[in-house]
Amino acid sequence: MRAKKSYGQHFLINESLADSIVAAAIENAGDLPILEVGPGKGVLTQRLIQQNATFKAVEADRDMISYLKQNLPRMKERLIAGDFLKQNLNEPFDSEYLLFGNFPYNISSQIIFKAIDYNAKIPTIIGMFQKEMADRIIAPHGSKTYGAISVLTQIFYQGKTIFRVSPGSFSPPPKVNSSVIMLHRNPILPPEVDFKTFRMVVKNSFGQRRKMIRNTLKSVVTQTELLEHRFFTMRPEQLSVQEFIELTLMIQNQTSN
């Protein structure tokens, strides 16, 4: 069974690493079920199914679904056939659950944004990413890799890298290094902050990251004196997550006056 570029598939073949990744998932899931995204040929799946009684997996590739059902018969009742990005993530389990997987690199950022939308159901995420993407998700402000996905993730989750992974751990080997990161839910967005407004502020700010924020957000500023605030004289990577929250509140408040 060959990997398909259209699904961004790179199958993990490092058995020792697979053991370590699954051990981290089991330890952090505790009594919660686990939902795997893109099980592929099942190198992680076969370990999970032995250790998590309520484990399920979402797979979009029909060939992989057939392969899993044939080679892992216990998966027949645990497979959700379909595109993860189109799933209602409230449905797989009644309880909260850990989101897990060797995420397809071509949709890994979309997986994170999807999980953010359902953060109330997902207290922990453990996922394999292209190293560059993993670094962006957990980047601190002021770094070159800090961007919109960093801010939008970090208002809900705190993250860290738990494994570095070389291309030789996969078949076919990707042309990039990979990382497994773990995200624990730690929401810091105050209830008075409208998430849609926050997301707009963050995405617009980083849309032209070399420009000062006064240039990227001037279209939503109705009180021109706000443009003199120090936030508007900075570039987006200079603002911390907390400062983006404060900036959003400023914009919200001036539009309501």
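This is a selection-by-selection tour of a predicted model.

**Whole chain**

Start with everything shown as a cartoon. The chain has nine helices and nine strands. Its radius of gyration is 20 Å, close to the 18 Å that the globule rule gives for 257 residues, so the chain is as compact as a globular protein of that length. Along the principal axes, the C-alpha trace spans about 65 × 40 × 30 Å. Of the 257 residues, 49% count as buried. Among contacts with a separation of 6 or more, 68% are between residues 24 or more positions apart.

**The largest nonpolar core**

Select Leu99, Phe198, Phe232, Phe244 and Leu247. In the largest nonpolar core, which has 51 residues, these touch the most other members. Next, colour the elements that each supply at least two residues of this core, including β2 (34–37), α4 (108–117), β9 (178–185) and α7 (195–207). The element that gives the most is α9, with six residues.

Now centre on Leu247. Setting aside neighbours within four places in sequence, Leu247 is in contact with Val201, Ile213, Leu217, Phe231, Phe232 and Leu239. Then move to the second, separate core of 29 residues; Ile21, Ala24, Ala25 and Val165 are among its members.

**Asp61**

Select Asp61, in the loop between β3 (56–59) and α3 (62–71). Is Asp61 buried or exposed? Its relative accessible area is 1%, so Asp61 is buried. A polar atom of the Asp61 side chain lies 2.9 Å from the backbone nitrogen of Asp63.

**Salt bridges**

There are seven salt bridges in the count. Glu15 pairs with Arg47, with the closest N and O atoms 2.3 Å apart. Glu15 lies in α1 (residues 15–29) and Arg47 in α2 (residues 45–51), so this pair ties together parts that are 32 residues apart in sequence. Arg47 also forms a salt bridge with Asp19, at 2.5 Å between the closest N and O atoms. That pair again joins α2 and α1, here across 28 residues of sequence. Arg47 counts as buried at 12% relative accessibility, while Glu15 is partly exposed at 44% and Asp19 is partly exposed at 42%.

Finish at Arg185 and Glu96, whose side chains meet in a salt bridge (2.7 Å, N to O). Arg185 is in strand β9 and Glu96 in the loop between β4 (79–81) and β5 (98–102), so the pair ties together parts that are 89 residues apart in sequence. Arg185 is partly exposed at 27% relative accessibility, and Glu96 is partly exposed at 30%.

Technical notes:
Residues numbered from 1 in each chain as written. Predicted model: local features only at pLDDT ≥ 70, side-chain atom pairs only at ≥ 80, totals over all residues. Heavy atoms only, no water. Core = buried A, V, L, I, M, F, W, Y, C linked by side-chain atoms within 4.5 Å. Buried < 20%, exposed > 50% of the residue type's maximum accessible area, 1.4 Å probe, protein only. Helix = DSSP H or I, 4+ residues; strand = E, 2+ residues; numbered from the N terminus. Contact = heavy atoms within 4.5 Å. Polar contact = N/O pair within 3.5 Å; in protein donor to acceptor, adjacent residues only side chain to side chain. Rg over C-alpha atoms; globule rule 2.2 N^0.38 Å. Salt bridge = Lys/Arg side-chain N within 4 Å of Asp/Glu carboxyl O.
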